[in-house]
Amino acid sequence: MAYLAFAEHGAAFATPGAVRTAPESARFSALEWSVVALAERDRLSSLREPGRMAVALGSLFGERRSTRLADPKLEALRRMAVLTWHNGYRVAQSAVRGFLAAGFTPDHYELLTGSIVAARVKRDRRNSR
């Protein structure tokens, strides 16, 4: 789980619903923030490789648009954002390791999850009215 990765890197825990300010070293560019925003609409199925049957059907009936990004670092960000939009803080430790291996830091992960969880809380409050 994601909180194990925080413990491994010595980062402080962020509590659900409360966004802490991220350290100055953790910043995303405008392009990276747009990837995070677009990932809100991506399904979890966008993270899986299409099987042989899906590829065959795609060639018969027309290819569905792929949400995968060509840049490996941006794709790692998109994957983590999709997981976080759908699961909040409950992200597999292997996914966090992949995010960190792509060149991001634990502070980036904390900034990303804190921002997405805060947006989810705000969205849920708006939808419950």
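Reply: A nonpolar core here is a set of buried Ala, Val, Leu, Ile, Met, Phe, Trp, Tyr and Cys residues joined through side-chain atoms within 4.5 Å. Buried means under 20% relative accessible area (1.4 Å probe, protein chains only). This is a predicted model: local features need pLDDT of at least 70, side-chain atom pairs count only at pLDDT 80 or more, and totals for chains, interfaces and linings use all residues. Residues are numbered from 1 along each chain as its sequence is written, and side-chain values use heavy atoms, with hydrogens and water left out.

Me: How many residues are in the largest nonpolar core?
Reply: That core has 22 residues, and those with the most contacts inside it include Val-36, Leu-77 and Phe-99. Helices H2 (30-39), H4 (72-87), H5 (93-101) and H6 (106-127) each supply at least two of its residues; helices are DSSP runs (H or I, at least four residues), numbered from the N terminus. H4 gives the most, with seven residues.

Me: What does Val-36 touch?
Reply: Leu-77, Ala-81, Trp-85, Leu-112 and Ile-116, leaving out residues up to four places away in sequence. Contact means heavy atoms within 4.5 Å.

Me: Which residues of H4 and H6 make the contact between them?
Reply: Among them are Leu-77, Met-80 and Trp-85 of H4 and Tyr-109, Leu-112 and Arg-123 of H6.

Me: Switching topic, how many helices and strands are there?
Reply: The protein has six helices and zero strands.

Me: And what share of the residues is buried?
Reply: Of the 129 residues, 35% count as buried.

Notes. Buried < 20%, exposed > 50% of the residue type's maximum accessible area, 1.4 Å probe, protein only.
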